[in-house]
Structures are given as structure tokens and as C-alpha cells.
Amino acid sequence: MTKPDDLLPEGLEDRLPAQAERITRAMRASLDVLSRHGYARVRPPLVEFERSLAGRMDGVQPRRMFRFVDPVSLRTLALRSDITPQVGRISATSMADSPRPLRLAYCGETAIIRADQLDPARERLQLGAELIGADTVAAACEIVEVAVEALKAAGLKGISVDFTLPDLVDTLAEKAMPLSEDARDAVRRELDTKDAGGLKDAGGEAYLPLLYATGPFADALEKLRAIDAGGALASRIAGLEEIAARIGDGARITLDPTERHGFEYQSWFGFTLYAEGVRGAVGRGGTYVIKGSEEPATGFTLYVDQLALGGAEAEQTDTLYLPIGHDREAAARLRAIGWRTVAQLATGEDASALGCTHRLDGKEPVKL
């Protein structure tokens, strides 16, 4: 019988065996890809001092974190909402003397106080890779390529990569399309909402063509190139072309140069990952600077729970029922070659109801 206290808080849920198995398979497959590309895994703690978590990246919002006082130090602790700042801390402290570029991978749980309407989850299994000491086009090419490969290894199909330029307004506002500091935030806001009328009212009429420089990569890039009469975006456009060429036919590529949602700490380049059969993004990445060490970096994050939604259904695993008094050496031999076993504990058990497909008869399995 379910009692009121047995209900989970909004935005949290149990992962039952079938779904937990799919999540675990997606996580292992993705981490294997990262390892093969030279990314060494680190495991930062679930809780840190709030100031450390909030101080390594621009745009990290402490109000989204669960916070409490440490009874030992009497300082404010926070439950991590993003692992990337922790990797930044590790690279700037414990691994400050390690050769660059430094390739690190991670996977762990994160939590936030309140989710948004588009994504109600308040807990996520976050997996990712960070290439520290480089935010070049070559680094971006590697990161996007590895991210797409990890998604494919997790079983996702129809992968799409949407490029963006997080610092676009600041870059254009310097000379090509001058804006005062006060007007920049308003222009960014109206570009975010794709509001042409609001953009005019905010003094950003010159930025109107950016609203239409979106869609399939080749077409959108040509529109962006036409807008860039002064050449302020020339290096970025060339960089996007190089990254797209590296991806090739590995994924569908689109461009939305003004998209900023989810890119709070990215600098010149950002990207969002989507996959067939999955609602919403399955990951994000881009270039950024680690505050404190002021070191450039490029990385991505995958949301493993989302990967499991788009991956293939788990194949039925052959499960071997081990009757009381079974041959233990035979059972151990069969487990070593991949069999899953369930041992009988009492008389009257129903092997089929327990999910078994075979029964150990002497030294060999027999189909039920």
C-alpha cells in the first residue's frame, strides 16, 4: 500500500530495472568512447563549498542549487547542479601541472532546486568530456566528433547538431553593428524570443536579419555571411565550416547563431545535440574559460537519462535457473561466459515468473 510519504518529490523518479539497465548500457558505451579518445575519468564529490561551485564558470546560478551549512566548517555547501565547474576546479588545482591539453571525462548525478517547464527533471545523470587548455577550431572539431560518436555508441539514431555563437551580439556590437552596453542585454533578450518588433524597439533593427539566419547549416551560414559585411564574424564562420566538414555525414547539422539557452558560460562556439525519438536536447557543449585559472577549454555534456529514451530496447537476456543442490562449478563456468543466473532459495518457486529462460540440468542449461 502506498502512503503519502512514499511519493517522490516533483521532478524526481525511480528508475525500475528495465530503464535502469538501458541507462547503464548507454553510460558504459559512452564512457568507453571517451576513454578510447584519451579522456581520463575523474570523480568529483557530490557536495562542495558553494563559492567554489559558483565561482569557476560564468552563468552558474547558486539559487538553483540545494544549499546547506557544513556543521564542520560552518561554511555553505551546495549539491552540484553541473559537474563541469568541478572539472574546472580539478584542472586548476590538483592537475594544474599536468601537460596540456588535458583531456578529462566524468559521469555522475546532479540536482537542481527547480526545473523549467520544458524539462521538469530535477535530477540528472550527467556525462561529459572536457578538453582543457584549448578552445581552438581543432579542439571544437574533436569535441563535437567525440560527442556524436558517444551518442551513436549509446544506440541513438538520427543525430542532429545545432551550432550557435554565444558571443555573437558582443562581437557585432563592437564595430560592425554598434550598440551601447545598456542596449546589448535588451537586444540579446529579443533575439532569444525571436521577437522582431521587440528587437526594433530595443534599438536592434540592424540585428533583424539574424532572426532568419537559421536552419540547415549551408543555407543559414550563407545568410550569416551576407550579414557580416564588415568581416567581424569571418573567423567564426570559417571555424563553423571546418567543424561541419569534420562531422560530414555523421550527423545532420543546423545553425541558430543567436540561440543562448543553455549556453550561460560558453564563449565563441556552442552546440546542442538532438536525436530521433527523444524529446528535447540530449546534450550541449562549446568553448569557455575557467575562472580563476583563466584557462580556455572546450567540452560537452550528455544527459544519460535522455540517451536511454532514444536507445534500442534491451535484448532479452538468457537467464539460467539454478535449482537447489546445483553444480556450483558449472554455474560459475556459465556465468563466466555471459550467462545470468538466478539461484533457487525455496521449494515451490516459479522459474519462468522469476524471468528465467533456462534451467541448469547437471552441467548444461536446458530451455524452459
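Cys-107 is buried, at a relative accessible area of 9%, where buried means under 20%, exposed over 50% and partly exposed in between (1.4 Å probe, protein chains only). Cys-356 is buried too, at 7%. As for disulfides, counted as pairs of cysteine sulfur atoms within 2.5 Å, the structure holds zero. This is a predicted model, so local features need pLDDT of at least 70 and side-chain atom pairs count only at pLDDT 80 or more, while totals for chains, interfaces and linings use all residues. Residues are numbered from 1 along each chain as its sequence is written, and side-chain values use heavy atoms, with hydrogens and water left out.

Next come the nonpolar cores, meaning sets of buried Ala, Val, Leu, Ile, Met, Phe, Trp, Tyr and Cys residues joined through side-chain atoms within 4.5 Å. The largest has 70 residues, and Phe-163 and Phe-271 make the most contacts inside it. Its top contributor is helix α4 (residues 137-153), with ten residues; helices (H or I, at least four residues) and strands (E, at least two) are DSSP runs numbered from the N terminus. This core lies between domain 1 (10-156 + 260-315) and domain 2 (167-257), because both give residues to it; the domain bounds come from an automatic or database assignment. Apart from it lies another core of 17 residues, including Met-65, Ile-83, Ile-90 and Tyr-106.

Then there's Thr-258, which sits in the loop between β9 (252-255) and β10 (266-274). Thr-258 counts as buried, at 5% relative accessibility. Setting aside neighbours within four places in sequence, Thr-258 is in contact with Thr-164, Leu-168, Leu-191, Asp-192, Lys-194 and Leu-210, contact being heavy atoms within 4.5 Å.
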